[in-house]
Amino acid sequence: MSNQTVNTNTKRWALLAASLGLAYVLVRHRQSIWGIFCRSPFQLQHKRIEVISSVNESQRILNELKSHCESFKVIGFDCEWITVGGTRRPVALLQLSSHKGLCALFRLCCIKQIPKDLRELLEDDAVLKVGVAPQDDAMKLSHDFGVGVASTFDLRYMAVMAGHQAEGLGKLSQTHLNTMLDKNWRLACSNWEAPQLDSAQLNYAANDALAAVAIFQKLSKDLEPRTFWDWRAPKFEQLRPKIEPFLDVDFTKGFVAGLGKTLSTSTPTHPLTSKSKHKRNKKHQQPQQQQQIRNLGTQSKAFYDNCVLEAPDGELLCTIDRRKASWYLNQNLGTQVSEQPFTVRLNFEPAGRAVGDVGRYYQTPKENQCVVCGRRDAYIRKNVVPREYRKHFPVVMKSHTSHDILLLCPSCHQLSNISDNKIRNKLSITCEAPFGHGEGVSKYHDDQQLRNVKLAGKALLMQSGRMPSQKVTQLQKTLLDYYTDATEITPELLQKAAKLDCRVANEDYCQHGKKVVQVYRDKFGGLVELERLWREHFLHTMQPKFLPKLWNVNHNANRLEVRASEGRIDNEDLVVAGLESVISTKNIANS
């Protein structure tokens, strides 16, 4: 073979290798490459703004908005209001936008009511109202105009679900639309009740609602990734079940493990300012308060050892972890009979044997993977029935709870915990058990009189030389009025006041989990119903694809029935569980 032929073949192989390498890069990084070509800013100028100042003007625009919702059931949702002298006035402007670029600005300060068709659209739970913190706006509309806004959805949930940062609307727009929203404080703090809104105000208000819809569309594509050659938009019907658990759920009250975002609250100080300054620029108004974040341990090593525990006759009882298997050996309660799998045979007759599907569940080896997505490199234990409820169950329902401890990867664990708050909020209402913020939540509260005494003691102890004599006299009177047995202000008295514990027990205190358990035990069919509620919620919201075999929403009820048939459970525990029918069956069997 000639050198020329060899060189030609070498070039061909090199060209083929380069082509294959380029093809691999294009396929492997298609999302990033496509993102480069799609970096053109979202065209907010391709919009149509309609200002509605009377009921008569609203009909035509609402009909158009509703027609747009027939093809895509999502609208951008936002509100503007002003605060005068520290008091919030009713919502002045309601912004609703469709995916086709129509933005309707309803000047509620002029209309003075919610027109019938507008009320129907807001209360339609089939149409999502998207934005950042839309629940806050919905709450104010409800307070001011008595309208219930259904199916609000915070875009930050979708950002987290798609693996992005949970940011404000401006940041989300910049990150995902390559568009910078105008957040000039002069516009944010402008008078939304002015007789005539100028063009800058109209654009500011409309862009927020329009960007919300566009961000939803962009993130929905990230949430439903498709092949490089599939250009079809994700179907809303397929997307809705994934975001259903987060509808009408306040993002700031949802537990977002590991995000570590700082949240702050503030009060506007300008005599005439809008909600935008209060809501969107609050980080500049006072020091931030760190949100309390619960640290969760992520494991990468195997959680299930799938060691085997046998009865004295060699019958399989269950699979257990290595540590527990070793405990039986160390206590001389069992003997090792095999190394692979590690098997321990008991030296005594166990209280019960494996019976039915309940027993077979404990016999079945478990996979070390996320039960939702199948990820195997990192996972966190998830209590399907949260511990805040389980810890108040009777002992017989607190033991053998491994059925309700599943493995989730960090992302799925985070989303599951967020969705749990929707059930907690429902339980807080149905069981009259406060959850989150509100009356009866804190075990202790500060007594204002004691607090005043403590502050007076601290002030006199540390700064009496810097204060006017009139102020010193006033603070001394506060101390002497409280310490009636004292005749003069002494250093000892100041020290005592400065260390005063101003906390007092809250008579209305109600521990949420304990109250819920009591109500289900006494009124709602027993604790097996509470267990079933949480398990069905987990199945509905997370749609796990890798659950252990024989995992069952009625597992504990079936387990207790087996124990009852073997005479290993008290009737009182069966009543608490809600299995009174088992008692009569057991009595008939005994007779």
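This is a predicted model: local features need pLDDT of at least 70, side-chain atom pairs count only at pLDDT 80 or more; totals for chains, interfaces and linings use all residues.
Buried, in this talk, means under 20% relative accessible area. With that cut-off, Cys 109 counts as buried, because its relative accessible area is 16%.

How many disulfides does a search of the whole structure find? The search finds zero. For Cys 109, the closest cysteine sulfur belongs to Cys 110, and the two sulfurs are 4.0 Å apart. A disulfide needs the sulfur atoms within 2.5 Å, so this pair is too far apart for a bond. Cys 69 is buried as well, at a relative accessible area of 3%.

Next, the six-stranded sheet. It is open, its pairing is mixed, and the strand order is S1-S6-S5-S2-S7-S8. Strand S1, residues 48-52, and strand S8, residues 152-154, stand at the edges. Each of these two has a single partner strand, so one side of each has no neighbour in the sheet. On average, neighbouring strands here are turned by 30° against each other, direction ignored.

I will go through some of the pairings. S1 runs parallel to S6, with five bridges between them. Within that pair, Ile 52 has Phe 106 in S6 as its bridge partner. S5 and S6 are antiparallel and are also joined by five bridges. S5 and S6 form a hairpin with four residues between them, and in the turn Gly 101 has a positive phi of about 95°. Towards S8, strand S7, residues 128-131, runs parallel to it and is joined to it by three bridges. Val 130 stands opposite Phe 153 in S8.

A helix packs on this sheet: H10, residues 199-223, which touches S1, S2, S5, S6, S7 and S8. The direction of H10 makes about 145° with that of S2.

Back to S6 for its side chains. In a regular strand the side chains alternate between the two faces of the sheet. In S6, Leu 102, Ala 104 and Phe 106 point one way, while Cys 103, Leu 105 and Arg 107 point the other way. Is S6 buried or exposed? Six of its six residues are buried, so S6 is largely enclosed by the rest of the structure.

Now a pair of helices. Two packed helices are described by the angle between their axes and the distance between the axes. The axes of H10 and H11, the latter covering residues 236-243, come within 11 Å and cross at roughly 85°. That makes the two helices roughly perpendicular. On the H10 side the contact is made by Phe 216, Ser 220 and Leu 223, and on the H11 side by Phe 236, Leu 239, Lys 242 and Ile 243. These contact residues divide into five nonpolar, one polar and one charged.

There is also an open sheet of four strands, with mixed pairing, in the order S13-S12-S15-S14. Its edges are S13, residues 316-320, and S14, residues 334-339; each has a single partner strand, so one side of each is left without a neighbour in the sheet. Neighbouring strands of this sheet are turned by 25° against each other on average, direction ignored. S12, residues 307-310, and S13 run antiparallel and are joined by four bridges. Leu 309 has Cys 318 in S13 as its bridge partner. Helix H13, residues 322-330, lies across S12, S13, S14 and S15, running at about 40° to S15.

A few backbone details follow. Most residues other than glycine have a negative phi, and most peptide bonds are trans. Where is Pro 341? Pro 341 sits in the loop between S14 and S15, and the peptide bond from Gln 340 to Pro 341 is cis, with omega near -5°. Asn 178, in the loop between H8 and H9, has a positive phi of about 55° although it is not a glycine. Asn 178 is partly exposed, at 27% relative accessible area. Glu 432, in the loop between H17 and S18, has a positive phi of about 50° and is not a glycine either. At 62% relative accessibility, Glu 432 counts as exposed.

Val 517 is buried, at 3% relative accessibility. Leaving out residues up to four places away in sequence, Val 517 touches Tyr 389, His 392, Phe 393, Leu 527 and Leu 530. Val 517 and Leu 530 are 13 residues apart in sequence, and their C-alpha atoms are 7.8 Å apart.

Key: Residues are numbered from 1 along each chain as its sequence is written. Side-chain values use heavy atoms; hydrogens and water are left out. Two strands pair if DSSP finds at least two bridges between them. Axes are lines fitted to C-alpha atoms, for helices over the stretch in contact, and angles run from 0 to 180 degrees between N-to-C directions. Contact means heavy atoms within 4.5 Å. Buried means under 20% relative accessible area, exposed over 50%, partly exposed in between (1.4 Å probe, protein chains only). Angles under 35 degrees count as roughly parallel, over 145 as roughly antiparallel, 65 to 115 as roughly perpendicular and the rest as oblique. Ala, Val, Leu, Ile, Met, Phe, Trp, Tyr, Cys and Pro count as nonpolar, Asp, Glu, Lys and Arg as charged, and the others, Gly among them, as polar.
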